[in-house]
Amino acid sequence: MGFSRRELLRAGVPLTMVGLAGCSSNGNGGSTTAPTQASTTQRQTTQQQQTTQQQQQTTQQQQGTDTETSDSACESPVEVSGSITEDTTWDCDEYRMTGDVTVTNGATLTIEAAHIEPAPDTLLSVGDGASLVSNGTGERMTMFLPAEANEQPGSWKGIEVTAGSVEASFYLTFLSCGGSGGWANVYLQNGATAGFDACFFDRSSTYGVHGEANTGFTSMSNSTFTDNQSGSMRIPATAIPDLGPSTEYQNGNAPEKVVVDNQTVTQDATWSALDAPYIFPDGANLAASVTVEAGTVCGFGQGSRLIVEEGGHLFADGESDSEVYFAADGPLTPGHWQGIEIVSNDRNRLSNAVVQSAGSDGWANVYVQNGGEVSIVDSHLGQSSTYGIHAEANTRIREFSGNRFAGTQQGSIRIPVTNLGQIPYDNQFTGYGEYDGENRVEVDGGTVDQPTTWDPLAVPVHFLGDVHLAADVSIQPGANFTFAQSTRLAVEEAGSLDAVAGTNNRITFEGEADVPGFWDGIEIVSLNPDNVLDACEIANGGNGGWANVYVQSSGMATVRDCIVRDSSTAGIIAEEGASLTTSDNTYTGNADGPTA
């Protein structure tokens, strides 16, 4: 979008600064309204000012006043190229890079409020223990800007900072038109670090700043990115905490994004909300505690995944008007990326978060496995090609309330039966247009060995396998349960089933298909007076010789005011020695009669 006078004022750059030009568009994006070079009259005025300044410097020298450069050294422009092997200061008005410049051998190149005009395809390289210090002033920025004839993205390569311990610092510096040959305005590699304060990164043909693995920033504050064609920055995941929220991303027609390469995060970190999204083409791995601030947007490449490893921790705490987003980098279609995988069993929490468009390769928006634990509160999990959340056996959902599900194609939730008690009634399940999916909670079979309560949900709870109750289970009025073919709900010797409702708010137990004998039914083994089915509807049992309700010889049950229908055997079967009390029930469509 180029820099306007207003933006330069905001950056503390006076309007009297002469010779500042934005890059013209090369047809690959960017605004056509970039500032142009100073007029011929302005250039003549500048030359006169420079001549006057040189005369003043000569007079000062004649009077015994120390200066760092002589008149002859600052004949403008000063042409530079080759190697710098000892400490050097560039403090003339203008330098022209006629070839590559390499700072090496531990030297420091200091640039003081100068205009550096790089020739096409040149590179300023800092390595071998060397350093670069670029300092503008309130009166004049340091500028890296090609000549007018070359003002286009990718005119020159840029600044390379490399070789281990090298550091670079930039203050009030304008860097423009780099990126030739795949470089960037500033390219960090081999563990280098750099600090940027009040800097401008303009019209790179790649990125404003590109940092490879193991690089980072000593600071990144009050800076601005505009019209860098591949994105504002490309950095490793380990460098995200170095970014400050005071930097602006105004890429205009170019992508406003910070591209993040997958380097495992091993140090505790905070990811600040930026004006631009973080884009993870290959996902990310968290092996430490990561806090994602409210308003942060994270986009993921096709088939990628955010993995919270054992020993890692994800704490994404948004606000009702500033949610944290984890979504596809691109169209929000189901299955674009895999989702968030949680293996860690430590404090993982999503609050006021949006996770959508995942499910690729059988994953889910949130997938919990291998003993992982998570709390999800007031969040939206939608448009998955599988489930909003899928938790495997031996995982734990600590808290799960106020969430919204929409457009999940296999089901809103899939969890082990041990987690069903953690799903309260206040979660919402709705359709989502063309991505409307299967609105139900799927429960894997297993054994409930701790007392729990199952709330009524706005959608059916569907059991995929046999469920064994080895503890006291209470079911609230209005709950709706369906069962896969040939499955059974078994109340074991140590368990009990308390399902007491009202005639206007029945609890239902029925087959996934409304067909006699579709599932086995409810088996009661325990001799517990709390086994009560009151104002329930039980249907479609009888598979394998069972019944809608089957009370074993050791069992006890009370069935009253229930609708018992469409069993392929009797509605209720009680073995000899069983304790069964029935009253006020309605029996219809049971092949072998009401009871046996």
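Reply: Let's go with Asp-561, which is partly exposed at a relative accessible area of 26%. On this scale buried means under 20%, exposed means over 50%, and partly exposed is what falls in between (1.4 Å probe, protein chains only). Keep in mind that this is a predicted model, where local features need pLDDT of at least 70 and side-chain atom pairs count only at pLDDT 80 or more, while totals for chains, interfaces and linings use all residues. Residues are numbered from 1 along each chain as its sequence is written, and side-chain values use heavy atoms, with hydrogens and water left out.

As for where it is, Asp-561 sits in the loop that links β54 (556-560) to β55 (563-565). Strands here are DSSP runs of E with at least two residues, helices are runs of H or I with at least four, and both are numbered from the N terminus. The backbone is worth a look too: phi of Asp-561 is near 50°, a positive value in a residue other than glycine.

Now set Asp-121 beside it. Its phi is near 65°, again positive in a residue other than glycine, and this Asp-121 is in the loop between β5 (115-118) and β6 (123-126). At 44% relative accessibility, Asp-121 also counts as partly exposed.

Zooming out, the chain has 58 strands and two helices. Of its 596 residues, 55% are buried. Take contacts (heavy atoms within 4.5 Å): among those between residues at least 6 apart in sequence, 60% join residues at least 24 apart.
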